[in-house]
Amino acid sequence: MSQKYDLTMKNIFSDMADDIMSYFLGLQYTKIDELNIEFARVERRDSDMIFKCTTDRGNVAVHIEFQSENDGKMPYRMLRYSLEIMEKHNLLPYQIVVYIGKDNVKMANSLSYDFGEQNTLDYKYRIINVGDIKFTDVLKTDYYDLYSLLPLMDQNRRKEEGEKYLERCVEAIKDIPLDINKKKDIAFKAEILSGIVYKREVIEKVFSEVVKMFRIEESETYKMIIEKGIEKGIEKGIEKGEKEKSIKIAKKLLEEGMDIDKIAKITELAKEEIKKLIN
């Protein structure tokens, strides 16, 4: 996985672990604990997530590895992981590679050899290509943490619709029936992951409005406007003689990132006057 994503991968995906195990794997489990294993021979290990879980087949170690690039050495890495999990925790490993790359999957998911009955190896693990997951299928569920992966899903539709597909993803995140902080977190992760398949200018364009909306909704100024009923000024205008208050509110709204047209509507200040406040 490229260094750009390695440093933040574990933080990005930590909240998704439960949804991944439930939706992608269909695994009936009870998560007991997260296992911390230092893999001695692996240079990058920040993205590894390993959980001790109770399943209908007993206790297992669910190991989830995220990969944004094809790696021909992946089977060797995964086999080393499995051996260390078994050695250090005496647990059978259930291993999954979640592929979030732009290109098609070209990695093997097995290692084997046969030199006779006393000398054989037949090792396999599961690869899940997020690009194969359908956008509409995920929207039918309440696995909202997976919405961060929407920009990487539905590869054929994504390539066909381009920027429009990313806009659909952002709209879906905006409509999640969760509190504003959780939606902001999901949107932030989706924006970062979008960089794997979209150009920066497209990402900034699509996410700019939703991020601004979240920021304004969360701001103390916005709350003050709602609490004091100043939102009624959008329709009725702010009473005459309160220009200083209008200017004060306009300055705060500028700091919060609200656009000039909306500020003008709320405060009844001229756009030219508001522009002067920027300087």
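Asp261 is partly exposed, with a relative accessible area of 47%. Partly exposed lies between buried (under 20% relative accessible area) and exposed (over 50%), using a 1.4 Å probe and protein chains only. This is a predicted model, in which local features need pLDDT of at least 70, side-chain atom pairs count only at pLDDT 80 or more, and totals for chains, interfaces and linings use all residues. Residues are numbered from 1 along each chain as its sequence is written, and side-chain values use heavy atoms, with hydrogens and water left out.

**Exercise 1. Find the salt-bridge partner of Asp261 and describe the pair.**

Solution. 
- Step 1: Start with the rule. A salt bridge needs a side-chain nitrogen of Lys or Arg within 4 Å of a carboxyl oxygen of Asp or Glu.
- Step 2: Look for the partner. Lys271 forms a salt bridge with Asp261, and the closest N and O atoms are 2.8 Å apart.
- Step 3: Lys271 belongs to helix H13 (residues 271-278) and Asp261 to helix H12 (residues 260-267), so the bridge ties together parts that are ten residues apart in sequence. Helices (H or I, at least four residues) and strands (E, at least two) are DSSP runs, numbered from the N terminus.
- Step 4: Check the surroundings of the partner. Lys271 counts as partly exposed because its relative accessibility is 40%.

**Exercise 2. Describe the salt bridge between Arg77 and Glu65, then look for a network.**

Solution. 
- Step 1: Read the distance. The closest N and O atoms of Arg77 and Glu65 are 2.8 Å apart.
- Step 2: Buried or exposed? Both Arg77 and Glu65 are buried.
- Step 3: Widen the view. Glu65, Asp71 and Arg77 are linked in a network of salt bridges.
- Step 4: The structure holds 13 salt bridges, and another one joins Arg200 with Glu191, whose closest N and O atoms are 4.0 Å apart. Arg200 is partly exposed, because its relative accessibility is 38%.

**Exercise 3. Explore the largest pocket and say what lines it.**

Solution. 
- Step 1: Know what to look for. On a 1 Å grid over the protein atoms alone, a pocket is an open set of points with protein on both sides within 12 Å along at least five of seven lines, while a cavity is a set where a 1.4 Å probe fits but cannot get out; lining residues have an atom within 4 Å of a point.
- Step 2: Read the volume. The largest pocket has about 460 Å³ of space. Grid points are joined across faces, edges and corners, and the volume is the space filled by probe spheres set on the points.
- Step 3: Go to the centre. Of the 18 lining residues, Arg57, Val60, Leu92, Pro93 and Tyr94 are the closest to it.
- Step 4: Name the elements. Strand E3 (58-67), helix H3 (74-89), E4 and strand E6 (120-124) each give two or more residues to this lining. E4 provides the largest share, four residues.
- Step 5: Sort by class. The lining has nine nonpolar, five polar and four charged residues. Here Ala, Val, Leu, Ile, Met, Phe, Trp, Tyr, Cys and Pro count as nonpolar, Asp, Glu, Lys and Arg as charged, and the others, Gly among them, as polar.
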